[in-house]
Amino acid sequence: MKGATYLTDAAAIAATNLIPVDAGPVGSALRPDLAVIGRWIAPGARVLDLGCGDGSLMAWLQAAKGCAGYGVEIDDAAVLSCVRRGVDVVQRNIEAGLGMFGHDQFDVVVLSMAIQATHQTERVLREMSQVGREGIVSFPNFGHWYHAWSILRGRMPVSREMPYEWFNTPNLHLATVLDFEDFLGRLGLVITGRAFLADGKPISWLPSQRATQAIYRFRRSAS
Amino acid sequence: MSAAGSVGNVTPQRMRFEAPLALRSGASIAGYELVYETYGELDSVRSNAVLVCHALNASHHVAGMYDDDPRSAGWWDNMVGPGKPVDTNRFFVIGVNNLGSCFGSTGPMSVNPATGEPYGPDFPVVTVEDWVHAQARLADALGIERFAAVMGGSLGGMQALAWTTLYPARVAHCVAIATAPKLSTQNIAFNEVARRAIITDPDFHGGRFYSHGVVPARGLQVARMIGHITYLSDDAMAEKFGRALRRTSPEELAAHIAAGGDEVSGAAARSDYRFTFDVEFEIESYLRYQGEKFSRYFDANTYLLITRALDYFDPALAHGGDLAAALAPATADFLVASFTTDWRFAPERSHEIVQALLANRSRVTYAEVDAPHGHDAFLLDDPQYMAVVAAYYDRIQAACSTPTERGA
């Protein structure tokens, strides 16, 4: 399968020019994956931030890059935080569908650290790829060595990116870097960039095992 | 922030407009008057004016009270006042009674200069758009070129929406709460039942009941009872009244409710039925009381006019049903809010508005407030709702203040 050829081992990752991403300091207090996403988004872009939380990414994009757009968020406190930041937010469960948004209404659609908690993950990704010309997803890399180590010791992994016990985790669909690349390929989406963070710092060597967070940008294939 | 308070005592004002106002029906009305109230101070550059549009049975009396009587508090006194979400320390707020209403502005009870008798059924049919044009004339007279915000709930939200397309340059922000881009078939059906109740009341006399010294009170009562059912959610009604059997008189019950009392458990319910068609359940008593109270102060012809204005509102109609096209002229930023348990103007109706605004790339924030009260929630104190509106008005103020004033 096409997607699977993208990343079969660490050497393949190291060989691609897409990494390491230009993820230097962005001079903001943004969460590290959001800082990377913020750097990827072009000035003036129209952005839809799904599961935007307190609106910090959109606020930064508006202030630093003159971007416009909306957050989508279901949580009351997060919605209120967005309004207080001057970020336009649509209070909605992203799993209820993105039918409110038209085809290619946005330059970029972001889904940061939320895909693992979606029920209908495939549907969300498909819809995402329809309402924007480009998609960006960040997620916790379940393939991180510590998770394997934890399971070998007989314990479900609990980490900074996934700080939950097995009985209270909202995470439903955890993936490794390799899994996610397969998934994008299966959906007919073309990877246009990838970045890996280990505890918030960009890494390029052995990302499958060392990355705590992975960030991908992708487009619909031209066909 | 200092503790929120009341704007205190207020005095309605009145303005007369001699020039004819062309109405959408083709008729026109000249020499009409509008009653209005204002709260707060208009700033030196006239940038902080907020227009609050009222719904079916409300008026210009948005906030404050008359003669130190707290029972006379305005219908949105929880929303508008010093330190409140629409903070009168920062905004100059205007409430205006619409043309055709029955709280002082020219309406069916007013004398028709052509006949020397009350207009009654001859008062021209008015639309949401007609009201907006009348409000714009009032704004002209008050020297307000552009509103920082036009705001309303329910039918008031429709006026706020209409403002953004009829006078796009005059509205910086539109706050449309618990509203809809047009009535549903079911909404119109409820309105028709209410109108038939009034029109078929023998005391209606074809709308000329004034000269008979009566009002179609029974029709108005039924109309109000129907309205009240649609304003409340099933759960809210169940929680408030359940199947409790009536113990107190309607007046006592209402006084008990007004005092914040627990309607149902305030007195132990009777344990058996009386096998009668008279009032048996508390909900019946409550609806009758509300109906009777309403019939004592609301004009039947106004009820017909305003429900018709609701029915007719459909800005997309002239655009082949394309709401985005209808809203395309708008340049305002929007706050749209709905309530999860509102089945009269359900969240899905607000979604239609939001979707159209998104398609137009308008700036829009949409809050879907999880409140139990149904449509009435827009008048009540849900903390999330109040906080979102307050935060949005902070943004409105930041946009309307001049740099010098912001530094002050």
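Trainee: What covers the buried residues of α8(B)?

Mentor: This is a predicted model. The cover of the buried residues in α8(B) includes α1 (128–141), α2 (155–166), α3 (185–199), α4 (217–231) and α7 (282–297) of chain B.

Trainee: What makes α8(B) "mostly covered"?

Mentor: The count does. Buried means under 20% relative accessible area. In α8(B), 11 of the 13 residues are buried. Among them are A300(B), Y303(B), L304(B), L305(B) and I306(B). The polar residues N301(B), T302(B) and T307(B) are on the list of buried residues too, and so is D311(B).

Trainee: What happens at the start of α8(B)?

Mentor: A side-chain oxygen of D299(B) comes to within 3.2 Å of the backbone nitrogen of N301(B). The cut-off for a polar contact is 3.5 Å, so this pair meets the distance test.

Trainee: Why is D342(B) said to have no salt bridge?

Mentor: A salt bridge needs a side-chain nitrogen of Lys or Arg within 4 Å of a carboxyl oxygen. For D342(B), the nearest side chain of opposite charge is R344(B), at 6.6 Å. That is beyond the cut-off, so no salt bridge is assigned, although D342(B) is buried.

Trainee: Which backbone atom lies 2.9 Å from a polar atom of the D342(B) side chain?

Mentor: The backbone nitrogen of R344(B).

Trainee: Where does D342(B) lie, and what does it touch?

Mentor: D342(B) is in the loop between β11 (333–339) and α10 (347–359) of chain B. D342(B) touches A178(B), P347(B), G374(B) and H375(B), leaving out residues up to four places away in sequence.

Trainee: Now chain A. What makes strand β1 (residues 46–50) "mostly covered"?

Mentor: Five of its five residues are buried. R46(A), L48(A) and L50(A) point one way from β1(A), V47(A) and D49(A) the other, and all are buried.

Trainee: How do you know that β1(A) pairs with β2 (residues 68–73) of chain A?

Mentor: Pairing requires at least two bridges. Five join β1(A) to β2(A), so the strands pair, and they run parallel. L48(A) stands opposite Y70(A) in β2(A).

Technical notes:
Residues are numbered from 1 along each chain as its sequence is written. Chains are lettered from A and ligands numbered from 1 in the order in which they are written. This is a predicted model: local features need pLDDT of at least 70, side-chain atom pairs count only at pLDDT 80 or more; totals for chains, interfaces and linings use all residues. Side-chain values use heavy atoms; hydrogens and water are left out. Buried means under 20% relative accessible area, exposed over 50%, partly exposed in between (1.4 Å probe, protein chains only). Helices (H or I, at least four residues) and strands (E, at least two) are DSSP runs, numbered from the N terminus. Contact means heavy atoms within 4.5 Å. A polar contact is a pair of N or O atoms within 3.5 Å; within protein, one must be able to donate a hydrogen and the other to accept it, and residues adjacent in sequence count only if both atoms are side-chain atoms. Lys and Arg count as positive and Asp and Glu as negative; His and the chain ends are not counted.
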